[in-house]
Amino acid sequence: MPTDSIWSYAPDLDHVRGADLTGYTVVASDGTAGHVDRQAGHHGMPHLVVDTGVWVFGRSLLVPVGVITSVDTAERKLTVSCTRAALKAAPRFRTDSETMDRGYLTAVGDYYRGLPREERPTG
């Protein structure tokens, strides 16, 4: 099981580990990016499949849980630590079988790990 933080919820988000985030709005640092279509955790690499709607022509994205910076359960939204452009540039997600492909998941993790990290809100 990977111990890489890109595949782990931040310690202050431990309360959402195992929670169903399906349907939550995904907010990037520069605006709404879509909504959580489904979750998976194959190979100990928990992630979300995000439906981007029309802003990326209906494309879905795979997002490791380690990029989540906050979760608002009352508003049913979560914030990620990257921009919409960074999400759009992530390795292309095509089929559900990729959520079980360790090589694909590793490439996704490498991509997100290489992005500049945004500061977590304090308070």
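Author: A residue is called buried under 20% relative accessible area, exposed over 50%, and partly exposed in between, using a 1.4 Å probe and protein chains only. Asp110, at 45% relative accessibility, therefore counts as partly exposed. This is a predicted model, where local features need pLDDT of at least 70, side-chain atom pairs count only at pLDDT 80 or more, and totals for chains, interfaces and linings use all residues. Residues are numbered from 1 along each chain as its sequence is written, and side-chain values use heavy atoms, with hydrogens and water left out.

Reader: What makes Arg113 and Asp110 a salt bridge?

Author: The term asks for a side-chain nitrogen of Lys or Arg within 4 Å of a carboxyl oxygen of Asp or Glu. Here the N to O distance is 2.6 Å, so the pair meets the rule. Both residues sit in helix α2, three residues apart, which means about one helical turn separates them. Helices here are DSSP runs of H or I with at least four residues, and strands are runs of E with at least two, numbered from the N terminus. Arg113 is at 38% relative accessibility, so Arg113 is partly exposed.

Reader: How many salt bridges does this rule give?

Author: The count is four. One of them joins Asp14 and Arg17 at 2.5 Å, N to O. Asp14 has 41% relative accessibility and so counts as partly exposed, and Arg17, at 46%, is also partly exposed.

Reader: Why is the pair of Asp96 and Arg38 said to tie parts together?

Author: Their closest N and O atoms are 2.3 Å apart, forming a salt bridge. Asp96 belongs to the loop between α1 and α2, while Arg38 is in strand β2, so the link joins parts 58 residues apart in sequence. Arg38 has a relative accessible area of 26%, so Arg38 is partly exposed.

Reader: What makes a set of residues a nonpolar core?

Author: The members must be buried Ala, Val, Leu, Ile, Met, Phe, Trp, Tyr and Cys residues, joined through side-chain atoms within 4.5 Å. The largest such core has 35 residues, and Val71 and Tyr112 are among those with the most contacts inside it. Elements that each supply at least two residues of this core include β2 (31-40) and β5 (68-72). The largest share, four residues, comes from α2.

Reader: Which residues does Val71 touch?

Author: Contact means heavy atoms within 4.5 Å. Leaving out residues up to four places away in sequence, Val71 touches Leu13, Val16, Leu21, Tyr24, Lys77 and Leu78.
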